[in-house]
Amino acid sequence: VECSLGFARDMKFGQLHIVLTSICVASLCLLLLFKGPSHLARLQKQRLSCYHPEPARGCPDGRPFPHGAATLSSKSQKYISDIFHNKSDAGGRGRTKCTLIMQTYRRVANLPRLLTHYCKLNFVDKLLVIYFDVDTPLPDHVLELKDKCATELIFIHEEEDLLCNRFKPRPEIIDTKCILTVDDDRYVEHRDLEMAFQVWKEFPHRIVGFQYRSHVKLNDLYLYQRFFMTEASMILPTTSVFHRAYLSMFYDPNFMPREMVDFINKAVNCEDIALNFMVCQFLADINKTQPCIVPVYPKGKLKNLDGAKVYKGLSYKSDHTAVRNECLNKFVYEFYDGIMPLTYTSL
């Protein structure tokens, strides 16, 4: 009852559809069901203790780049130069090619079809397969695809199954400014990936992608929104294009606190939300006020290879939405001084 009444008080601006209203209320109630009243009280306490008129002060140390900072650090200048200067590097491949990164875990059955398909992309410089099943070697028939791929195909068997490792910068391998991420159950037509790449070249500082999400605020709590969206605030890395600098920033404690990374690895969720937070905050700090994402719409159908025998990913877990609700609030109130960095773009 408290949940519904609180939402009704906030509905005086009347921006959300009736269907979305019921979903938001249900999502918050689900959050409380999983975490209980003490969790709500803790979030409220964090909000009160962390918010200050000068948001760059107070709250835990090690936060990302301070809000409203008057000057940029030398490390920020390095990223600005890499993102906004058009000079190509690596023999001209800098912005004319992409490095495709695919993380995979217990979906080896999908790899022959997907890799055969993506190996034919003419704008991909290298195809990196990051294999997270640390105890099981890749089978020979998958490794043999290296000899059949027109693009350089590299398999990396991670020593630790840590979610944030999908965003390792890997400067010894990656030569391009463009990063294309594709999940190991996602089959996307070549023309649509080419379109996303062309859009990214127009907006190299923004995250471009086909699958988007949003968030809503309810009584100082944030809720993750998957359906019935009229605006988007996040791009998911199921299929996304962004600048390589953001990989380096993700591993730079000046932009991504180690405590935040540790939380993500422990929760086994929300690394994509954290990436969107980081990019949006960075662009705000350098006065790039336009939305930090670009949703694009495929001409073909995005196919999920999620048959009955295929390992179900994190989004299939029953508590997936509740965990992502928790991440939104933890990130905002513990690491971003009570200020939400995500911005909306109309769909």
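# Chatting through a predicted chain

Q: Let's start with Asp 285. Is it buried or exposed?
A: Asp 285 is buried, because its relative accessible area is 9%, and the cut-off for buried is under 20%. Keep in mind that this is a predicted model.

Q: Where does Asp 285 lie?
A: Asp 285 lies in helix H9, which covers residues 271–285.

Q: And how far is Asp 285 from Ser 76?
A: Their C-alpha atoms are separated by 9.8 Å, while along the chain Asp 285 and Ser 76 are 209 residues apart.

Q: What about contacts across the chain in general, how many join residues at least 24 apart?
A: Take the contacts between residues at least 6 apart in sequence: 81% of those join residues at least 24 apart.

Q: Okay, big picture then. How many helices and strands are there?
A: The protein chain has ten helices and 14 strands.

Q: And how many of the residues count as buried?
A: The figure is 54% of the 347 residues in the protein chain.

Q: What about H8, at what angle does it pack with H10?
A: Helix H8, residues 258–267, packs with helix H10, residues 320–335, at an angle of about 165 degrees, and their axes are 12 Å apart. That angle makes H8 roughly antiparallel to H10, because angles over 145 degrees count that way.

Q: Which way is that crossing handed, left or right?
A: H8 passes H10 in a right-handed crossing.

Q: And which residues make the contact?
A: On the H8 side they are Glu 259, Met 260, Phe 263 and Ile 264, and on the H10 side Glu 326, Cys 327, Lys 330, Phe 331 and Phe 335. The residues of this contact of H8 with H10 divide into six nonpolar, three charged and no polar. Phe 331 of H10 is in this list, and Phe 331 is also named in the contact with H9.

Q: What comes between H8 and H9?
A: A loop, and Val 268 is found in it. Val 268 has a positive phi, near 55 degrees, in a residue other than glycine.

Q: Phe 228 next: what is its phi?
A: Phe 228 has a positive phi of about 55 degrees, although it is not a glycine. Phe 228 is found in the loop between strand S8 (221–225) and strand S9 (231–232).

Q: Last one, where does Cys 149 lie?
A: Cys 149 lies in the loop between helix H5 (140–143) and strand S3 (152–157). Cys 149 is buried, with a relative accessible area of 11%.

Conventions:
Residues numbered from 1 in each chain as written. Predicted model: local features only at pLDDT ≥ 70, side-chain atom pairs only at ≥ 80, totals over all residues. Heavy atoms only, no water. Helix = DSSP H or I, 4+ residues; strand = E, 2+ residues; numbered from the N terminus. Buried < 20%, exposed > 50% of the residue type's maximum accessible area, 1.4 Å probe, protein only. Contact = heavy atoms within 4.5 Å. Axes fitted to C-alpha atoms, helices over the stretch in contact; angles between N-to-C directions. Parallel < 35°, antiparallel > 145°, perpendicular 65-115°, else oblique. Left-handed = near helix turned anticlockwise from the far one by under 90°. Nonpolar A, V, L, I, M, F, W, Y, C, P; charged D, E, K, R; others polar.
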